[in-house]
Amino acid sequence: MLCTRLTNARFLTMDPDHPVAHDLGIWQGRIAGLDEAVTSLPAREVVDLQGATVLPGFIDAHVHLAWTGFKQNTPSIAGRTRVEDVLAVVAEAVARTRAPGEWVSIVGYDQRALGRHLTAAELDRVSDGRRLYLLHDSGHGCVVNTAVLDLLPADIPHENGFLAEQAMGAARALRLPHAQEDLAEAIGRAARTCLTEGVTACAEAGIGGTLFGHSPVELGAYQLARDKDLLPLRVQLMVSADRLRPVAAHEADGIPRALDLGLRTGFGDDRLSVGALKVYTDGGMMARTAALTSPYEGLDHAGQLQDDPAVLTDLVVDGHLAGWQLAVHAIGDRAADIALDAIELAQRIRPRPEARHRIEHAGLIRPDQLPRMARLGVSAVVQPNFLRCFGDDYASIMGEQRAPWMYRGRAFLDHGIPLVGSSDRPVADGSPLRAVQFMAERASTSGQFIGPDEAVTVDQALHAYTVAGARACHWEDRLGSLTPGKHADLVVLADDPRSVDISRIGAIEVVETYVDGRPSRPRA
């Protein structure tokens, strides 16, 4: 007997052997069969989906759950365009604290809205003895007041209180890590938001590190969230590469650096596992720190690398030798050169064609870099909503020649490079459907077309958020398509993304999300 049979729906299976179905059977959290294989079988529950469209649950291959959850509960200055209005929000947050010396966190900071960066002196006017920390929306910078600057070593660079990349990390290190209970609650909040948008599995893009980590024991917080039933979807954890340390492994192992006990990609189970090693090579376009080969339009610099190229190369190579899948953050084309050089060297030293190394973001990829990516077998894990939300700005700072190279789609596929969809939530909108719409039409929210030649078909965009996402996370044997034997993770939509006008895809209602055959909103 089936546990559940879903009927009267259009199942877009993403499985070429059975692309469309009308019935789907579920037994013990797995897909038992499709159509005639299950239609006549008895079931404890039969759910009439009333003509809805059903897809495999979306896989977001690059998110920040804890950051998302904390951001949802932190005072925000998002949307403020005047310095006075920003300072008023900060002053209100300061007034809610108990004593001088406390830290006050603010999110939603973006210098583009103000036309310039805030300064430490401006924050001092409303700090009342508190330590102020305004996180840049990109996650690659912050603005702090003098009370924080006074705690930093004198050699930490800043621009009137704005700290970028590793300098920001130095400021973060001054604070106590988040408690595991608080982290678990934040993770749960973000996970529930993902479910409402049809996401059933995701890859957390960097725990425990200087830049985006929240605690040295952050993996334990995810375990706690699972133990407390706060983790309603599947999560794969990328580990920040700065957690590697030298080890005295046997010479035959060939492992110069490792995580404690040799932990690496693949440890865990279907609900919580360790994924790739996250290596940061540069910053971001929003903060103007993505590393380019030529300067930003209108600026006198070309961004920055996170470290010396030789140091970054050693980190990539050592991670590869230790058996990790690599997720190399590279937004600018100069950063992509370093990432590709390092991956090529690593594969030459110890070939691992099954490693499925990834370039996270691949924000600006020159035409000459495409064949190299294909030859090395790396995936491009892109965030289409970056251009949907910020495309006008990004196009202006890249200029006419480079703008079509941003967050590519068609060129990756034409070169045989796996195209993987993701959000980088909370940096940008997390909706897979709105991302699919952008991938097919390449229009920003203002209507400006950004690299229209990079548009892909709706089917190809859906593939990026299902089949390709599963493969990028080594989940293809259990997720990514509605195939008998795989987990019954699926999303029920009010309309068919392949049938509606492309401009309407992002507005399609997510009716229900199932994980292991169970709906996120259980029926009474």
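Student: Which residue of E12 is the bridge partner of Cys 142?

Tutor: In this predicted model, Cys 142 has Leu 163 of E12 as its bridge partner.

Student: What makes E11 and E12 a pair of strands?

Tutor: Pairing requires at least two bridges between two strands. Strand E11 (residues 141–144) and E12 have three bridges, in the antiparallel sense, so they count as paired.

Student: Why are E9 and E12 called edge strands?

Tutor: Strand E9 (103–109) and strand E12 (162–164) each pair on one side only. They belong to an open sheet of four strands in the order E9-E10-E11-E12, with mixed pairing. From one strand to the next, the twist averages 25°.

Student: Which helix packs on the sheet, and which strands are touched?

Tutor: Helix H3 (residues 83–95) packs there, touching E9 and strand E10 (131–136). The direction of H3 makes about 150° with that of E9.

Student: Why is Gly 141 called buried?

Tutor: Buried means under 20% relative accessible area. Gly 141 has 0%, so the residue is buried. Its place is in strand E11.

Student: What is Gly 141 in contact with, leaving aside its neighbours within four places in sequence?

Tutor: Its contacts are Leu 134, Leu 135, His 136, Phe 162, Leu 163, Ala 164 and Met 168. Separately, the C-alpha atoms of Gly 141 and Ala 287 are separated by 7.0 Å, with the two residues 146 residues apart along the chain.

Student: Why are helices H2 and H8 called roughly perpendicular?

Tutor: Helix H2 (residues 65–72) packs with helix H8 (residues 180–196) at an angle of about 95°, their axes being 7 Å apart. The range for roughly perpendicular is 65 to 115 degrees, and the two helices are therefore described that way. Among the residues making the contact are Leu 65 and Phe 70 of H2, and Leu 183 and Ile 187 of H8. By class, the contact has nine nonpolar, four polar and two charged residues.

Student: How do you know that the radius of gyration of the protein agrees with that of a compact globule?

Tutor: For 524 residues, a compact globule would have a radius of gyration near 24 Å; the protein has 23 Å, so the two agree. The C-alpha trace spans about 75 × 55 × 50 Å along its principal axes.

Student: How much of the protein is buried?

Tutor: Of the 524 residues, 61% are buried. The protein has 17 helices and 24 strands.

Key
Residues are numbered from 1 along each chain as its sequence is written. This is a predicted model: local features need pLDDT of at least 70, side-chain atom pairs count only at pLDDT 80 or more; totals for chains, interfaces and linings use all residues. Side-chain values use heavy atoms; hydrogens and water are left out. Axes are lines fitted to C-alpha atoms, for helices over the stretch in contact, and angles run from 0 to 180 degrees between N-to-C directions. Angles under 35 degrees count as roughly parallel, over 145 as roughly antiparallel, 65 to 115 as roughly perpendicular and the rest as oblique. Contact means heavy atoms within 4.5 Å. Ala, Val, Leu, Ile, Met, Phe, Trp, Tyr, Cys and Pro count as nonpolar, Asp, Glu, Lys and Arg as charged, and the others, Gly among them, as polar. The radius of gyration is taken over C-alpha atoms; the globule rule is 2.2 Å times the number of residues to the power 0.38. Buried means under 20% relative accessible area, exposed over 50%, partly exposed in between (1.4 Å probe, protein chains only).
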